[in-house]
Amino acid sequence: MLFSHTMRHRGRLPGIGIPLAIVLWTALVFTRALTCDYIHLDDSAYVFNNPDLQRGMSLDGLRWAMTTFHAGMWIPLTWLSLMFDRMLFGDAAWGYHLTNVLMHAVNAVLLYRLLRQMTGWQWRAALAAALFALHPLRVESVVWITERKDVLSMLLGLLAMSSYVSYARAPTWRKHVLTTLFFVLGLMAKPMLVMLPVMFIVLDFWPLRRWSNPTTARHGRWLYDSLREKGLWLAISLLVSGITVRAQTGENYHWDSPMSLRLTSAVVAYVHYLGITLWPRNLAVLYPRPVSWPAWEVGLCLLMLLIITGVCVAGRRRWPWLLAGWLWYLGAMAPMIGIIQSGRQYMADRFTYLPGIGLLLMLVGSLPMGPLSMSASRRAGAVAAVVLIALSLSTVHQIGYWRDAETASRRALAVTPGDWRLHVERARVLIDLGRDTEAVGLLRRAIDLHPRQSIDTIEQLGLACYRLRDEHQALDCFRQVAAAMPNDTQRQLRAGVLARGLGEYQTALTCLRRSVTLAPRSRRAWWELGLTLKAVDRPAEAADALREVLRLQPEDPDATRALAELAATTRPATDNP
């Protein structure tokens, strides 16, 4: 009886010990994240400069979260999660980081349980979950507060998959409803789960093997039956995809990129993701998309993808986990691969959060199946421990690059020193920190690397030069901006005012006349035009401009005084025509 009692407890230990070990190891590795600050890239728009979020949990906040396309996405559950953190932690960045770390640890345990549920694996599932949790590619999704949407949507996506596996093995309407609920909530956290119904079909192939089960696959009609079964989920995915496309209409979404560039970038990115998964070095917050790719690189990457796909298809009966994992990777990555281009990157570490699980399936499924001898088991355990420790140390080191915006931008520039866009990105961070001298150097370097700069870059250079009292360089930049944006009142006004201050009156008059044409009810535009006309000794026109000021703002003391001065200086001339 004592022996029986002892064995029962030994049998329970892996069920408790493995998840506990995963949670503790993950928490230990990511503890450093609690020392990190906000990253200005998107944390400003998402958290500390978001007035709707700053109000915290409320009915108005709920209404805003459910209806807003703020930051170019419809993610109401993520907004509510951040509001809840705001209520608990205020502006303290460590509180948001703590929630992300805890969610990530929970996701690792859910992955372990899902793999056990689907395959019956124990130590393989534990290894896959640990590799997922501790890999340096996870840092961006966990340590970047903005990516709350990653960890939250993954949590709900894993619950949806677990519910689906249970449904697939014993279908009931309750399980279908539960799967749908988790799926919808996951989409409300981040729309990266739109491919989940397709991944359900992959799971039907392996490990569920519903396609080869005569009770669920009738004479080649398995695909029709599978699509019909998942019709509701596919419809939801299409709906959310439409909402996402509608939301992504801001300036950060480049719909005008040539389709040829998007397709070649997708081919290259699929292979590059494999590379940084196997050898995670030179990771950075931003991997800018080049203007074009060398034909040899695109061809080589395409050949590699075709070879891997061919091997997986050919070995689908003997090694079904290879095809299932590969299709998981390709399918889950599809919404983020850049066919519909958002942002300036062609790839990002955070995009591997869900697709990377497919590669783990391929890896752990290919480990030796049979029982190992004691010595072989020890060697395998030692190798696994060395790999996990190495990944952990690399992850801790990678977290250090996310300490703050200055550190993250410096790291990105160090990884890709020849990219002009990273010079601009770092310059913006330094401008926010008041380090204008360094920012000017970076912006000028960006222009040297890519002379056909965007107007925004030229404007940033002008503003920085102005703060450094290099007013002639600032005016040159503002003049270019005004010429490129002739219908922007504020930019015309700014260029005109600076030009007048430097004595370039013709430029000043051109810009200020344009500004009053664009905004005839702008008190400041008429006032600045009046002062400029007065400075070039055109009293009649100056008086007309100042009267417009008084018409817009009666009894304006400055305009009244300026008109009186004009009258005093021009009276002798009017008395003696």
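Tutor: Let's start with a definition: buried means under 20% relative accessible area, exposed means over 50%, and partly exposed is in between, using a 1.4 Å probe and protein chains only. Keep in mind that this is a predicted model, where local features need pLDDT of at least 70, side-chain atom pairs count only at pLDDT 80 or more, and totals for chains, interfaces and linings use all residues. Residues are numbered from 1 along each chain as its sequence is written, and side-chain values use heavy atoms, with hydrogens and water left out.

Student: Okay, is D537 buried or exposed?

Tutor: Find D537 in the loop between α26 (523-535) and α27 (539-552); helices here are DSSP runs of H or I with at least four residues, strands are E runs with at least two, and both are numbered from the N terminus. D537 has a positive phi of about 65°, although it is not a glycine. Its relative accessible area is 65%, so D537 is exposed.

Student: What about N282: which accessibility class does it get?

Tutor: N282 sits in the loop between α14 (259-278) and β1 (287-288). N282 is not a glycine either, yet it has a positive phi of about 55°. Because its relative accessibility is 36%, N282 counts as partly exposed.

Student: And H97, buried or exposed?

Tutor: Look in helix α6 (residues 93-119), where H97 lies. Leaving aside neighbours within four places in sequence, H97 is in contact (heavy atoms within 4.5 Å) with A33, L34, C36, D37, V143 and I145. Its relative accessibility is 0%, so H97 counts as buried.

Student: How far apart in space are H97 and A27?

Tutor: Along the sequence, these two are 70 residues apart. Go from C-alpha to C-alpha instead, and the distance between H97 and A27 is 11 Å.

Student: At what angle do α4 and α5 pack?

Tutor: Axes are lines fitted to C-alpha atoms, for helices over the stretch in contact, and angles run from 0 to 180 degrees between N-to-C directions. Helix α4 covers residues 59-67 and helix α5 residues 76-89, with their axes 7 Å apart. The packing angle is about 145°.

Student: Which residues of α5 does α4 meet?

Tutor: From α4 come G61, L62, W64, A65 and M66. On the α5 side, they meet P76, W79, L80 and M83.

Student: Last one: what is the peptide bond from W206 to P207 like?

Tutor: P207 is in the loop between α11 (196-205) and α12 (222-229). Omega is near 10° for the bond from W206 to P207, and that bond is cis.
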